[in-house]
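Here's a quick tour for anyone meeting this structure for the first time. Take a look at the sequence and the model, then read on.

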Amino acid sequence: MGEAIVITSGKGGVGKTTTSANIGTSLALSGKKVCLVDTDIGLRNLDVLMGLENRIIYDLVDVVEGRCKLHQALIKDKRFECLYLLPAAQTKDKSSVQPEQMKQIIQELKQDYDYIIIDCPAGIEQGFKNAVAGADKSIVVTNPETASVRDADRIIGLLEQEDVEPPKLIVNRVRSNLMKSGDSLDVDEIVSILAIELIGVVVDDENVIKAANKGEPIALNPNSKASIAYRNIARRILGESVPLTPIEEEKGFFSKIKMLLGMK
Amino acid sequence: MQKQLQHHVTIKGTKDGLTLLLDDTCSFGQLVEELENKLSADHGQLFNGPLITVRVKTGNRYLTDEQCDTIRKIIGQKKNLLVDQFESNVITKAEAEEMKKDATVVTVSKVIRSGQVLSVQGDLLLIGDVNPGGMIKATGNIFVLGALNGMAHGGCTGNRQAVIAASLMKPSQLRIAELINRAPDHYDEAGHEMECAYIPDDDERIVIERLSIVHKIRPNLNRL
């Protein structure tokens with residue numbers, strides 16, 4: 001029996017879909033059977049990030065409305081045998097699915113997969129309710145900015161009313177220079193406001209954008225800091241205790257020498 | 001006319017006005033009848049002079065709102081009499097329960113997050129933070145063991161004596177009774193620890209002070 005984890009945030013554009021794609025990929029990298037579920041009906045993106053857009057034949061709404069079997073709608077990933085995607089419909093809207101139906105689909109997927117990663121749409125309406133319906137656990141993604149933290153707080157409040165475990169927190173798009181100068185919220189500050197367990201901090205990395213445009217999740221590239229962060233989050237989901245890496249800017253060659261010589 | 005001699009209605013003059021003592025053993029009908037007789041009888045100066053306030057004492061009799069109105073109307077027929085208040089030794093069970101609820105401290109241990117409203121009857125003791133966008137309401141006082149970053153409304157049914165105290169006072173808005181106080185646009189870094197908000201007796205705005213002075217401004221907070 002697998003585990004369903006919903007990735008949510010309240011506010012749009014904080015990196016839910018990117019996080020879903022990369023956590024899914026990282027879990028698949030460690031050999032787990034993973035199914036990604038895109039519940040953002042009408043504005044689907046997860047397939048694009050995974051580079052699987054051209055393979056979609058059936059989607060979530062087709063499954064719900066009985067036009068196909070669940071396994072027919074699942075798309076196998078290009079790179080991993082054990083990674084699948086259930087895409088959202090693009091031509092319908094959120095009201096074409098009910099929470100009960102979502103619950104059924106997730107329940108069915110849990111039989112065959114170790115992890116089901118549910119990508120939640122922005123907002124707190126029907127789409128959110130659908131996404132949360134079948135989930136056992138939840139991860140809240142936030143950026144180090146006030147508006148995003150405010151919405152995360154709201155979402156955590158709503159998650160507390162649902163039948164899921166207390167949510168874990170990912171602080172995404174962290175810019176260490178802004179954080180150090182005090183121009184953006186500190187990770188500690190965010191954790192103290194939201195009062196939930198931190199499961200990962202992901203730095204703002206332009207490689208993430210590059211990778212997303214190519215349809216290759218950043219987690220596949222072991223040289224990027226964001227990738228390491230996502231892989232560490234996956235390891236924490238698997239139950240390993242991985243210490244949080246400090247969010248320092250990588251030091252250049254010269255500054256390292258200067259430091260060695262005691263000039264800094 | 002034996003009954004009339006028993007005097008179910010007694011009128012007493014005090015320095016504040018008149019006190020009407022209504023007997024609590026007879027029927028309400030008898031009371032009304034006798035009251036009408038007493039007031040219609042000619043008492044010369046008494047009912048034609050300057051405005052007099054009347055206090056009605058009903059002893060162990062419980063008067064419903066309609067019965068109060070009846071008595072108020074009868075007394076009101078005399079132009080210079082004005083019913084100030086009704087006093088009774090008894091209240092209904094419901095009223096008693098309400099009073100008890102208003103006097104209890106409701107303890108809640110959780111974080112009040114954005115969009116959540118916690119509303120209690122009586123005093124609120126919140127163990128946890130109120131995050132920005134969250135709101136707590138109480139008919140009595142509010143005590144927050146944690147950071148108050150959201151909104152708090154003390155004495156929300158109109159009790160101006162209510163205070164709002166917090167370990168860390170950085171609210172976005174404070175309300176006590178019908179008064180509203182907005183936060184400054186910028187909080188400076190220092191201070192704001194262990195503070196309380198209240199309405200001074202002779203003021204029309206909410207004031208925030210150190211928590212240590214609360215025993216001076218609201219001595220009746222002590223239930224010792």
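## The edge of the sheet

K76(A) has Y84(A) as its bridge partner in β4(A). That strand, residues 83-86, pairs with β3(A) in the antiparallel sense over two bridges. Here, strands pair if DSSP finds at least two bridges between them; strands (E, at least two residues) and helices (H or I, at least four) are DSSP runs numbered from the N terminus.

Zoom out, and chain A shows eight strands in an open, mixed sheet, ordered β3-β4-β2-β5-β1-β6-β7-β8. β3 (75-76) and β8 (197-203) are the edge strands, each pairing on one side only. In general, the strands of a sheet pair through backbone hydrogen bonds.

## What the numbers rest on

This is a predicted model, with local features needing pLDDT of at least 70 and side-chain atom pairs pLDDT 80 or more, while totals for chains, interfaces and linings use all residues. Residues are numbered from 1 along each chain as written, chains are lettered from A and ligands numbered from 1 in the order written, and side-chain values use heavy atoms, leaving out hydrogens and water.

## Helices across the sheet

Helix α7(A), residues 146-161, lies across β1 (3-8) and β6 (137-142) of chain A, at about 165° to β6(A). Helix α11(A), residues 225-237, lies across β1, β5, β6, β7 and β8 of chain A, running at about 160° to β8(A). Those angles run from 0 to 180 degrees between N-to-C directions, with axes fitted to C-alpha atoms, for helices over the stretch in contact.

Which residues touch the most other members of the largest nonpolar core? They're V37(A), L86(A), L109(A), I116(A) and I118(A), in a core of 49 residues. α7(A) gives the most to this core, with six residues. A second, separate core has 35 residues, including A28(A) and V208(A).

A nonpolar core is a set of buried Ala, Val, Leu, Ile, Met, Phe, Trp, Tyr and Cys residues joined through side-chain atoms within 4.5 Å, where buried means under 20% relative accessible area (1.4 Å probe, protein chains only).

## Where the chains meet

The contact (heavy atoms within 4.5 Å) takes twelve residues from chain A and eight from chain B. On the chain A side, R150(A), D153(A) and R154(A) lose the most area to chain B, together 51% of what that side buries. Between them the two chains bury about 800 Å², 39% of it on carbon and sulfur atoms; buried area is the accessible area (1.4 Å probe) lost on being put together, summed over both parts.

Terms used:
Buried means under 20% relative accessible area, exposed over 50%, partly exposed in between (1.4 Å probe, protein chains only).
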